[in-house]
Amino acid sequence: MLTIKKYIPPVPGRLLKSTYLALRGLYYRGNHYTCPVCGHGFRKMLPGGFNLPVIKEKHIIGAGRRDNDICPYCQSTDRDRLIYLYLKYEQLFFKQPNILLHIAPEPALYKIFSHSKTIDYHPATKYAEGFYYSTKIETADLLDLHFEEASFDWVICNHVLEHIPNDRLALQEIFRVLKPGGKALLQVPYSILLDKTFEDDSIVSESDREKYFGQFDHVRIYGRDYPNRLKKAGFVVYQVNQKNGFRKTPSLDKFAVNPEELLFVCDKPLNKSRL
Ligand SMILES: [Zn+2]
């Protein structure tokens, strides 16, 4: 059984880190990119991710090394910034009260959501050996969420499903805890070359998963059929393309996001139970 560890870094450690990030932000400041999460301008972002042959071969979006991935100051990634831009400019997310379940919260988004006055924020994750989390993040198992049906207006689950063997059950749980009319952002790494999702439960070793799925703890590579899996859970799915789906922010180049990445926006229909 996994040991639950909750940890708050001691104050000197936190101060040291925030000072380091502020100095790093100053060093990289400039006008080429703007981080929408922290609002600062930078001459470049920091590289992130890593390359493996399968990531390139299958052209997996949301994986692999990116030159301008991590904000030098707030540490948001290109994926975090895309989600934030969509919620801020294309949705009424911050303009009206919302109850949000955020699975495995990314630190940069956690900071934004936890400081918002309109969001009733529920960050939750499955605690794992060797990882440290804020005590404000509650324990939750995505395969057996302890929340009542129809509890949330929004669920954000970013790059989690590719780690879960029974992702269909996880999707059912997300659907269950959403209110009718609620929305989920369900981002995963996906191959634009694969018609069908590739999964094989005989591939279990870390080295084989890295070789075939692109990361040691991934259990599949989603293909272009990923939206069908979402629809089977009952969602109405919108694949938001940055060119035609961002009507209020037509050019995202300056925000250093991956122009190829789609957002998978999933609506729980009103007055309709799971299909
Ligand atoms: Zn930033």
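How are the donor residues of the zinc ion spaced in sequence? They follow the pattern C-x2-C-x32-C-x2-C. The model is predicted, so local features need pLDDT of at least 70 and side-chain atom pairs count only at pLDDT 80 or more, while totals for chains, interfaces and linings use all residues. Residues are numbered from 1 along each chain as its sequence is written, and side-chain values use heavy atoms, with hydrogens and water left out.

**Zinc site**

- The zinc ion is coordinated at 2.3 Å by the SG atoms of Cys35, Cys38, Cys71 and Cys74; donors are N, O and S atoms within 2.8 Å of the metal (3.2 Å for Na, K and Ca), and water is not among the atoms, so sites may look incomplete.
- The site of the zinc ion is tetrahedral, with angles of 104 to 119 degrees among its four donor atoms. Four donors count as tetrahedral if all angles lie between 85 and 135 degrees.
- The ideal angle for four tetrahedral donors at a metal is 109.5 degrees.
- Cysteine 35 lies in the loop between strand S1 (29-34) and strand S2 (41-42), and cysteine 74 in the loop between strand S5 (66-70) and helix H3 (78-90), so the pair ties together parts that are 39 residues apart in sequence. Helices (H or I, at least four residues) and strands (E, at least two) are DSSP runs, numbered from the N terminus.
- Cysteine 35 is buried, with a relative accessible area of 0%; buried means under 20% relative accessible area, exposed over 50%, and partly exposed in between (1.4 Å probe, protein chains only).
- Cysteine 38 is also placed in the loop between S1 and S2, and counts as partly exposed at 22% relative accessibility.

**Second largest pocket**

- The second largest pocket holds about 300 Å³ of space. Its lining comprises 19 residues, of which Ala63, Arg65, Arg66, Asn258 and Glu260 are the closest to its centre.
- A pocket is, on a 1 Å grid over the protein atoms alone, an open set of points where a 1.4 Å probe fits, with protein on both sides within 12 Å along at least five of seven lines; lining residues have an atom within 4 Å of a point. Grid points are joined across faces, edges and corners, and the volume is the space filled by probe spheres set on the points.
- Helix H2 (53-57), strand S4 (60-61) and S5 each supply at least two residues of the lining of the second largest pocket. S5 gives the most to this lining, with three residues.
- By residue class, the lining of the second largest pocket divides into seven nonpolar, six polar and six charged residues. Here Ala, Val, Leu, Ile, Met, Phe, Trp, Tyr, Cys and Pro count as nonpolar, Asp, Glu, Lys and Arg as charged, and the others, Gly among them, as polar.
- Glutamate 260 is found in the loop between strand S14 (236-240) and strand S15 (263-267), and is partly exposed, with a relative accessible area of 40%.
- The C-alpha atoms of glutamate 260 and lysine 243 are separated by 9.6 Å, at 17 residues apart along the chain.

**Surroundings of glutamine 187**

- Glutamine 187 belongs to strand S10 (residues 178-187) and counts as buried at 0% relative accessibility.
- A polar atom of the side chain of glutamine 187 lies 2.7 Å from the backbone nitrogen of phenylalanine 264.
- Cysteine 157, found in strand S9, likewise counts as buried at 0% relative accessibility.
- Cysteine 38 and glutamine 187 are 22 Å apart in space, C-alpha to C-alpha, and 149 residues apart in sequence.

**Positive phi and other loop residues**

- Histidine 59, in the loop between H2 and S4, has a positive phi near 50 degrees in a residue other than glycine. Histidine 59 is partly exposed, with a relative accessible area of 29%.
- Alanine 150 has a positive phi of about 55 degrees although it is not a glycine. Alanine 150 is placed in the loop between strand S8 (138-139) and strand S9 (152-158), and is partly exposed at a relative accessible area of 33%.
- Glycine 245 is found in the loop between S14 and S15 and counts as buried at 14% relative accessibility.
- The C-alpha atoms of glycine 245 and proline 36, 209 residues apart along the chain, are separated by 18 Å.

Notes: Tetrahedral: all angles 85-135°; square planar, octahedral: opposite > 155°, others 65-115°. Polar contact = N/O pair within 3.5 Å; in protein donor to acceptor, adjacent residues only side chain to side chain.
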